[in-house]
Amino acid sequence: MSALTTVRARPSLGARARGAAGQVVFYAVLLFVAAVIIVPLVYAVLSGFRSTGQLAASSFALPDPWLIDNYRAVLTSGAFWQAVWNSTLIAVLTMILTLVTSSLAAFVLARYEFRGRAALFTFFTLGLLFPLSVAILPLFLLLHDLGLLNNPWGIILPQVAFGLPTSIIILRPFFQSIPTEIEDAAALDGCTRFSFYWRILMPMSRPALSTIAVLAVIGSWNAFLLPLIVVSADAQATLPLAVKNFSTQWSQDTARVLAFATLSLVPALAFYVAAERQIIAGLSSGAVKG
Amino acid sequence: MSSTSDVTVGAAGARRQYAQRRHLRKWLEIGLFVLPAIVLFVVFVLSPVVRAVYYSGFRWDGLGPLTDWVGIGNYQQALGDPFFTGAVVHTLVILVLSLTVQQPVALALALALARNFRGRTFLRLVFFAPYVISEATIGVIWLLILQPHGPLDQTLQAIGLGFLVQLWLADRGLVLLTLFVVISWQYFGFSMILYLAGLTQIPLELTEAAAIDGARTRQMLRYITLPLLGPTIRIAFFLSAIGSLQVFGLIFIMTGGGPYHASDSMVTYMVEEGWTRTSLGYGAAMAVILGVIGLVFSLFYQRLVLRRDVAGAVTSFAG
């Protein structure tokens, strides 16, 4: 797309002047948008270093003096680390279970010939038509009956189930594209179908699997509606719930709430900056294919 | 004689047995591999959806037995409930604003970032960042920024725009617009990334050839880039619309649907009635209405808009 700007017939002087003005506007607009994104986040970070009294006096001064009490209080409180642990556990188990169950199902749907295969595939794609919010009230009752309220599995299992359709739709064509010759050769060497799946198909499908992993982890980490319904005990709260609870509980202490909010977004942002390429590729291709 | 025929019968039998065993083994494998997915899907996706339809026929608090059958009573109640119809309208307002304001902005920014200039990688990183942060965190931060006499108001006053100061979240006429801005703040980056991915698919030769032929930037945009970006635009609009129908987290955190239901979305009102106030039958009816709206929209959109792009594919309502 560089062609849009760089490849151009030699511009006249007037056009070049207009081009320069355009360039300034172009950068100004982009920097303005960047500022709109960054300033609220920087405000949260800096406010965490101030006291609520300082904040009341002026919203936008630098911390004076810099206080670490808010951050220290959050970091030494059990609630924060408990929530980080709960969110991590739920995200990791959601990812693993989604990968295992969807890849096994996609394996059958891609590489077994049997009656009813097309119907089974359609059956799973039906799930795309039903968002979590439509099912959430009966799901609450179901999880209650199964004794899964206030239990990490009450979040993990529905998340895996709702992730299945997209995952299967992403994986099946990938599995289908691997030539039959490879499977035949493996079978001649005494490879069972399961070991073909495990030792050949899965390693060859790494890009599709990483897309699914990214979708599962980000979705789980940021999920709000399902944990809200499932969890009422503080000890089981995920990070988004903990942020909400903390902000209600300390509503008079703005600085402390902002310290908690800041720390809560550190893991996600760190993960994002470290794996930006994979995350962006995974989320965009996952959404379009799903 | 008899012994040879015995042998052939025995061989055929063994072959048949072997074939049967292979057949059995194949079905065992299929069953074993696909069963976990089927069980999870039926228990946690299909059965709750079906049960929502069933519960919606009862007046029920979720505790006692299901006895108070009211037929379509809950649906009639919903259609006569100004808070619910209001919530439907608010949801549609957010949907329309998303398509008419948020998407063009996302597209314009994608076109800007598709150009080659210093800092584009950094800007892309920044623009997409809000998407990976949880709605709860973003909601809490914006809630504090938008407080009366809070940072936003102080900033406006400091730069001489004090007359613009509003009760951003407490003014019934303004609250929905404020929420839409925050929702867009979080989500425009996602559409932008989709557009960027679509833009990289457009062959450079086309724009280069057009440039040699003396086409202006605006002409190239109009006659080459946008038409070729068509499939991406149609998918992005679809995902944005479906996402808007289910808007929940930011509203729940920032206003809880208030003041006095002025910013309720379909999902926030459903959760409030069905879960917080345990009118499960009534909540289920609202869930079914939400599901039907989404379903009808998805099917029509695929028939009318997406058909030329992907034949026969079911496209995500899960967002």
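Trainee: Where is B:Pro259 found?

Mentor: This is a predicted model. B:Pro259 is found in the loop of chain B between helix H11 (249–254) and helix H12 (266–276). A cis peptide bond joins B:Gly258 to B:Pro259, with omega about -5 degrees.

Trainee: Which residues of chain A does a cis peptide bond join?

Mentor: A:Asp64 and A:Pro65, and omega is about -5 degrees there. A:Pro65 sits in the loop between helix H3 (52–57) and helix H4 (69–76) of chain A.

Trainee: What makes the phi of A:Asn150 worth a remark?

Mentor: Phi is near 55 degrees, a positive value, and the residue is not glycine. A:Asn150 lies in the chain A loop between helix H7 (132–145) and helix H8 (152–176).

Trainee: Why does A:Asn150 count as partly exposed?

Mentor: A buried residue needs 20 or more other C-beta atoms within 10 Å, and an exposed one has 12 or fewer. A:Asn150 has 15 C-beta neighbours inside 10 Å, so the label is partly exposed.

Trainee: What is the phi of B:His149, and is the residue buried or exposed?

Mentor: Phi is about 60 degrees, positive although B:His149 is not a glycine. B:His149 is found in the loop between helix H5 (135–145) and helix H6 (151–158) of chain B. With the limit for exposed at 12 or fewer, B:His149 is exposed because it has 11 other C-beta atoms within 10 Å.

Trainee: Why is A:Thr238 called buried?

Mentor: The cut-off is 20 or more other C-beta atoms within 10 Å. A:Thr238 has 31, and is therefore buried. A:Thr238 lies in a loop of chain A, between helix H12 (225–230) and helix H13 (239–249).

Trainee: Which residues does A:Thr238 touch, not counting those up to four places away in sequence?

Mentor: A:Ala83, A:Asn86, A:Ser87, A:Ile90 and A:Pro227. As for A:Trp221, which is 17 residues apart from A:Thr238 along the chain, the two C-alpha atoms are separated by 8.2 Å.

Trainee: What makes up chain B in terms of helices and strands?

Mentor: Chain B has 13 helices and 0 strands. Among its contacts with a separation of 6 or more, 67% are between residues 24 or more positions apart.

Trainee: How do you know that chain B is in contact with chain A?

Mentor: Two residues are in contact if their C-beta atoms lie within 7 Å. By that rule, 78 residues of chain B are in contact with 81 residues of chain A. Helix H1 (residues 2–55) of chain B gives the largest share of the chain B side, 16 residues. By class, that side has 53 nonpolar, 19 polar and 6 charged residues.

Trainee: What does the domain assignment give for chain A?

Mentor: Domain 1 covers 8–70 and domain 2 covers 78–289. Their centres, taken over C-alpha atoms, are separated by 35 Å. The contact between them takes 9 residues from domain 1 of chain A and 8 residues from domain 2 of chain A. On the domain 1 side, helix H2 (13–47) and H3 of chain A each supply at least two residues. H2(A) supplies the largest share of that side, 3 residues. The residues of the domain 1 side divide into 3 nonpolar, 5 polar and 1 charged.

Trainee: Which residues have the most contacts inside the largest nonpolar core?

Mentor: B:Ala110 and B:Met286, in a core of 165 residues. This core also draws at least three residues from each of domain 1 (8–70) and domain 2 (78–289) of chain A. Neighbours within four places in sequence aside, B:Ala110 is in contact with B:Met192, B:Tyr195, B:Leu196 and B:Leu199.

Technical notes:
Residues numbered from 1 in each chain as written. Chains lettered and ligands numbered in written order. Predicted model: local features only at pLDDT ≥ 70, side-chain atom pairs only at ≥ 80, totals over all residues. Helix = DSSP H or I, 4+ residues; strand = E, 2+ residues; numbered from the N terminus. Nonpolar A, V, L, I, M, F, W, Y, C, P; charged D, E, K, R; others polar. Domains from an automatic or database assignment. Core = buried A, V, L, I, M, F, W, Y, C linked by C-beta atoms within 7 Å.
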